[in-house]
Amino acid sequence: MANNFGRILSSKRNVGILSLIGAGSLTAGFLLNREHVTAGAQARRVYPASAEYPDLRKHNNCMASHLTPAIYAKLVDKATPNGYSLDQAIQTGVDNPGHPFIKTVGMVAGDEESYEVFADLLDPVIKERHNGYDPQIMTHPTDLDSSKLTSGNFDERYVLSSRVRTGRSIRGLSLPPACTRAERREVERVVVDALAGLKGDLAGTYYSLTHMTDQEQQQLIDDHFLFDKPVSPLLTCSGMARDWPDARGIWHNNTKTFLIWINEEDHTRVISMEKGGNMKRVFDRFCTGLKEVERLIQEKGWEFMWNERLGYILTCPSNLGTGLRAGVHVNLPKLSKDPRFTKILDNLRLQKRGTGGVDTAAVGSTFDISNLDRLGQSEVQLVQTVVDGVNYLIDCEKKLEKGQDIKIPPPFKK
Amino acid sequence: MLNSIMPFGNTHNNFKLNFKVEEEYPDLTKHNNHMAKVLTKDMYAKLRDKQTPSGFTLDDVIQTGVDNPGHPFIMTVGCVAGDEESYEVFKDLLDPIISDRHSGYKPTDKHKTDLNFENLKGGDDLDPNYVLSSRVRTGRSIKGYTLPPHNSRGERRAVERLSVEALDTLDGEFKGKYYPLNKMTDAEQEQLIADHFLFDKPVSPLLLGAGMARDWPDARGIWHNDAKSFLVWVNEEDHLRVISMEKGGNMKEVFRRFCVGLKRIEETFKKHNHGFMWNEHLGYVLTCPSNLGTGLRGGVHVKLPKLSTHAKFEEILGRLRLQKRGTGGVDTASVGGVFDISNADRLGSSEVDQVQMVVDGVKLMVEMEKKLEKGEAIDGMIPAQK
């Protein structure tokens, strides 16, 4: 643990000094202070841990399943170097007991170091959420070489649109649950600065939520691009909607196929999308765009939060690894009524959502179908899973149209 | 620099100080609340490195006001206290806000506390054909404990324990029972809803933005006497909200029970070595600066269908130093011409003064209503500004 952390600090030192010259907004004193601060700084408490331990008896989320009184007592006096504490990390899970059928994660990270300092709780949570992935012994593969994708063109009589999204965090700045206004504004500056350097079919414009005109707002709503202040208590209870709409905004390219949200649930959410079934082109643009943005921020001395244990670091533990959700809106009138539909999806490692996104119902027989997994497989592997899976679903639909029988595929093997 | 001892006290305030004032100062250009009107960048610079002994910081005080820009017509306060010391440590911010909110109350002014119900004149003869119910509420904070925006679970549970211990010693007309929110049976819950006693998790973003709904419903509950006329909320927006109420117009009796009950509770707390937060400048100290002083809202549900549509209704209320609300409480509309009428003031006048204004004002308005029913004018009855 200490070694990983040391590497993060020392890499930040080099990055930070370059960023001073480039961005010019962080004081030298700040960087020098960080070297003297150790992880897990002690905070004074008035009450013993047993008096502070939350009442989780009616709770059903991953945090509640793993936060024993012993782990709480061990971690409650610790804080990350920026001062983020366990109580802050778990507040969303304490305030949102969950649902008997849906198991939410129940905790967030306030900064990159949260995943180290609170590993005793986060590692088992990650293992449960990510299908047995053990951060203590496994490594996560990153692969953004989209040329490896095969058969990525769907039959457009069934697939209406294709989309790939992920998130990226800027190393050295706290995450949305914990960030100060200055840090959030810095994230906005760093990212908008980099995006201004995109060229060709990636060239675009930034629309700040604070300064948007009414026309711009209406256009963004019509394009289905505009994101609103979070209303889900899962998000608001973690503090990520503070100071709304300060330093929040949307960037998109001129052709409206590459879109970035700034300072919503993560520092950035990156989205590539098109109407139709050309997932190959969507994924190509996704990878090219991501790599270009990374190159541009590195020119200024910044980098993304990433390590080989957890892949890309994001606010919610459910989005670690690739942070990637690749999906289609697909019309499956016959298959969706077949009683084997759910089992087929499960075995293909796919999930269905309504076309409004998470927590919405399907309209007619059009579904949002996407990958279940995020961590433990690479971007290429996960998008290939979606491609192969959706092709299989379309094949089933065609068979059912002809009155032929379909087969449940064997459970997915990596 | 002390480390914070309460978990949500913005433990990384020290870290924040590494950023320049310009970078951290909130964008208040679209805001309309008392905090936004007072908090200049210079004031932010001056106060940003301060903390109360329990670790409550300037950003903690103002977060609710930053997150809730306000309304063009309604002026919200836009800040809260996290402990008693907040009112001292951040007085440069809070004194002008208190002055704006409480009619020019100065930092040197003294507040009068008067809970002698015998000093109230009248109040037992409000016409029950018009006055449907009478109610007096206030809040109390337990000295030595942090307030709902700031307290940890351990601290909140300690407040609950102390409160229940104190309330359990009450006898006679005040003998009663405590119903913790997280252990209530379905039957108890339905009864409390039917009695209009049950309070719910706050939904107002004004309250949520201040962090006072954390860990709901842990250590929250309702206590009431057997007669259902005296009620205490534990750990909602304040440590305690104390309510005396009954159907009909006998405000005199409601106020008597209010004063006697409060005094009994205070005595019991003092026996346990915990008084209430009070000082001679701010009176009773509560979470929201709007509730300083008496923290008292004395009111009635009264039928005023004709008077409420009269052109001078708002002016009359203003002169009587009263405010109107719908019968669902703050932020609701009136139903069937029935209004909740209560005192507008909290700080700078005593409990007796404020309830007297309600009693006198409501009596006058009922007389006006009766005159309007007969088709007579009321211009001669309009009072001078109190």
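**Exercise 1.** Are B:Trp223 and B:Phe230 buried or exposed?

*Solution.* The model is predicted. In this model B:Trp223 is buried, and B:Phe230 is buried as well. The criterion applied is a relative accessible area under 20%.

**Exercise 2.** Classify the ring pair formed by A:Phe227 and A:Trp261.

*Solution.* 
Step 1. A pair of aromatic rings is described by the distance of the centres and the angle of the planes.
Step 2. The centres of the rings of A:Phe227 and A:Trp261 are 5.2 Å apart, and their planes stand at 40°.
Step 3. Planes under 30 degrees apart count as stacked and planes over 60 as edge-to-face, while the rest are tilted. The pair of A:Phe227 and A:Trp261 is therefore tilted.

**Exercise 3.** Which parts of chain A does the pair of A:Phe227 and A:Trp261 tie together?

*Solution.* 
Step 1. A:Phe227 belongs to the loop between helix H10 (214-222) and helix H11 (233-236) of chain A, whereas A:Trp261 belongs to strand E4 (residues 258-262) of chain A.
Step 2. The pair therefore ties together parts that are 34 residues apart in sequence.
Step 3. A:Phe227 has a relative accessible area of 5% and is buried; A:Trp261, at 18% relative accessibility, also counts as buried.
Step 4. Ring pairs link A:Phe227 and A:Trp261 with A:Trp244 into a cluster.

**Exercise 4.** Over which rings does the charged end of A:Arg168 sit?

*Solution.* 
Step 1. One ring is that of A:Phe304, with the charged end of A:Arg168 at 5.8 Å from its centre.
Step 2. Another is the ring of A:Tyr312, where the distance from the centre is 3.4 Å.

**Exercise 5.** Which strands of chain A pair with E10(A), and in which sense?

*Solution.* 
Step 1. Strand E8 (residues 325-331) of chain A pairs with E10(A) in the antiparallel sense over 5 bridges. In this pairing A:His329 stands opposite A:Asp368.
Step 2. Strand E9 (residues 350-353) of chain A is joined to E10(A) by 4 bridges, and these two strands run antiparallel. Here A:Leu350 stands opposite A:Asn371.
Step 3. Strand E10 (residues 366-371) of chain A is mostly covered, as 6 of its 6 residues are buried.

**Exercise 6.** How many helices and strands does chain A have, and what percentage of its residues is buried?

*Solution.* 
Step 1. Chain A has 14 helices and 10 strands.
Step 2. Of the 414 residues in chain A, 58% are buried.

Definitions and conventions. Residues numbered from 1 in each chain as written. Chains lettered and ligands numbered in written order. Predicted model: local features only at pLDDT ≥ 70, side-chain atom pairs only at ≥ 80, totals over all residues. Heavy atoms only, no water. Phe/Tyr/Trp six-rings, centres within 6.5 Å; stacked < 30°, edge-to-face > 60°. Buried < 20%, exposed > 50% of the residue type's maximum accessible area, 1.4 Å probe, protein only. Lys NZ or Arg CZ within 6 Å of the ring centre and 35° of its normal. Pairing = 2+ DSSP bridges.
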